[in-house]
Amino acid sequence: MNLFIDDLLIFFDDSLLNKISKKCLEISNQAFQVNNGNIPKWSQAIDTIDAFPKGKVSLKQPYISINQDGVDSEALMTELRKLIPWRKGPFMINDFVLESEWNGDTKWQRISKHIKSLKNKHVLDVGAGNGYFTLRMAMEGSKRALGIEPFLLFNYQFRAIKSMIESPLNALLLPIKLEDMPKKPIFDTVFSMGVLYHQRDHMAHLSQLQEMMAPDAELVIETLVVEKPEDYILVPKGRYAKMRNVYSIPSIKTLKSWLNDANFNNIRVVDVSKTTTAEQRKTLWIGENGASLEDFLDPLDDSLTIEGYPAPTRAIIICDR
Ligand SMILES: C[S@@+](CC[C@H](N)C(=O)[O-])C[C@H]1O[C@@H](n2cnc3c(N)ncnc32)[C@H](O)[C@@H]1O
């Protein structure tokens with residue numbers, strides 16, 4: 001995928017990030033070689049979108065907005081629909097809105113007021129989804145915002161958004177897992193949002209995050225927690241809120257002790273919020289039969305998931321290396 005290699009070379013034209021570029025290129029190229037029957041459809045959509053004139057990107061809260069002159073926006077939206085489901089966003093493309101399942105702006109509001117400025121910083125966004133937050137990080141003035149996300153569709157969604165944008169934006173998404181990243185302590189802020197509970201080995205994830213952090217870097221963890229006063233870990237049997245691969249959901253006290261055991265410093269909980277159906281909602285952009293939070297909760301008691309566990313509550317913890 002040439003577009004991808006060009007992006008990478010432009011993005012990594014920087015002495016620090018150069019240290020990891022070769023390995024990243026190798027891994028990313030391999031990732032795009034997989035046998036996935038959707039790739040021709042996704043690639044065709046990107047090629048069509050890429051042929052339209054580019055536009056300026058700005059923030060029209062909650063949307064990342066792109067404004068292109070002389071573009072048939074309906075035709076564009078038709079191409080973007082080929083990349084359904086859009087979990088993360090939302091975006092505004094000219095006069096049209098792409099209402100993703102998650103209103104990501106809500107999470108970004110909770111987080112951004114507590115973190116060190118991203119201006120001129122090297123930022124790593126681990127498990128970045130389609131890069132909505134990576135783009136928000138770039139729009140806050142970071143020098144480079146690198147998202148890593150193994151799920152291929154999300155990489156195509158990012159590519160679709162990025163190929164509508166005129167000027168080079170300092171954001172890139174690569175199909176790489178954290179554990180496969182070359183370990184170099186070069187990032188000033190590292191984000192792991194919505195990822196920790198998907199890890200079989202949460203302590204390995206924490207130490208891999210640490211390995212990417214510059215000496216005075218900040219770590220931002222956003223993850224599911226259970227509101228229990230004592231040391232506690234919920235290990236769901238089967239699914240949690242219909243999600244597969246949820247391995248462990250700690251109490252806040254347990255989460256803090258994990259970070260402490262992983263040798264992070266200055267650990268502080270800055271937010272705890274129950275997920276609402278305003279933040280995670282059913283929209284047309286997840287597909288006609290797409291399910292969302294309202295389907296994952298007990299219909300008679302929304303304090304419980306459909307499996308009978310405490311309903312999703314998320315904490316934001318910030319700490320230093
Ligand atoms: C729930 S989504 C969160 C997306 C986004 N960060 C957010 O906060 O909305 C978790 C993402 O992490 C990715 N992920 C899971 N394990 C990962 C790993 N080891 N390295 C990188 N990404 C990972 C998944 O593919 C998934 O897209």
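**Helices and sheets in a predicted model**

Helix H9 is followed by Asn263, a residue with a positive phi near 70°. H9 itself spans residues 252-261, and its buried residues are Thr254, Leu255, Trp258 and Leu259. These four cover an arc of only 140° around the axis, and therefore they sit on the same side of H9. Several elements pack against the buried residues of H9: helix H8 (202-211) and the strands E9 (213-225), E10 (233-234), E11 (249-250), E12 (265-274) and E15 (313-320).

Three of those strands lead on to a sheet. E9, E15 and E12 belong to an open sheet of seven strands, whose order is E7-E6-E5-E8-E9-E15-E12 and whose pairing is mixed. At its edges are strand E7 (171-174) and E12, each of which pairs on one side only. Going from strand to neighbouring strand in this sheet, the average turn is 15°, with direction ignored. One pair can be followed in detail with the structure in view. Strand E5 (residues 122-126) and strand E6 (residues 144-148) run parallel and are joined by five bridges. To find the two strands side by side, look for His122, which stands opposite Arg144 in E6.

A second open sheet is made of four strands in the order E1-E2-E3-E4, again with mixed pairing. Strand E1 (55-60) and strand E4 (96-98) stand at the edges with a single partner strand each, so one side of each has no neighbour in the sheet. Neighbouring strands here are turned by 25° against each other on average, direction ignored.

E1 and E2 pair in the antiparallel sense over six bridges, and a hairpin of two residues joins E1 to E2. Within this pair, Lys56 has Asn67 in E2 as its bridge partner. Next, E2 and E3 pair in the parallel sense over three bridges, with Ile64 standing opposite Phe91 in E3. Phe91 is also a guide to the following pair, as its bridge partner in E4 is Leu98. Strand E3 (residues 91-93) and E4 are antiparallel and share three bridges.

What lies across the strands of this sheet? Helix H4 (residues 73-81) lies across strand E2 (63-68), E3 and E4, and runs at about 10° to E4. E2 is mostly covered, with five of its six residues buried.

Helix H3 (residues 39-51) and helix H7 (residues 152-162) have axes 9 Å apart and pack at an angle of about 10°. Angles under 35 degrees count as roughly parallel, which means that H3 is roughly parallel to H7. Which residues bring the two helices into contact? From H3 come Ile39, Trp42, Ser43, Ile46 and Ile49, and these meet Leu152, Leu153, Tyr156, Arg159 and Ala160 in H7. Sorted by class, this contact of H3 with H7 holds eight nonpolar residues, one polar and one charged.

Methods
Residues numbered from 1 in each chain as written. Predicted model: local features only at pLDDT ≥ 70, side-chain atom pairs only at ≥ 80, totals over all residues. Heavy atoms only, no water. Axes fitted to C-alpha atoms, helices over the stretch in contact; angles between N-to-C directions. Parallel < 35°, antiparallel > 145°, perpendicular 65-115°, else oblique. Contact = heavy atoms within 4.5 Å. Nonpolar A, V, L, I, M, F, W, Y, C, P; charged D, E, K, R; others polar. Buried < 20%, exposed > 50% of the residue type's maximum accessible area, 1.4 Å probe, protein only. Arc of directions from axis to C-beta. Pairing = 2+ DSSP bridges.
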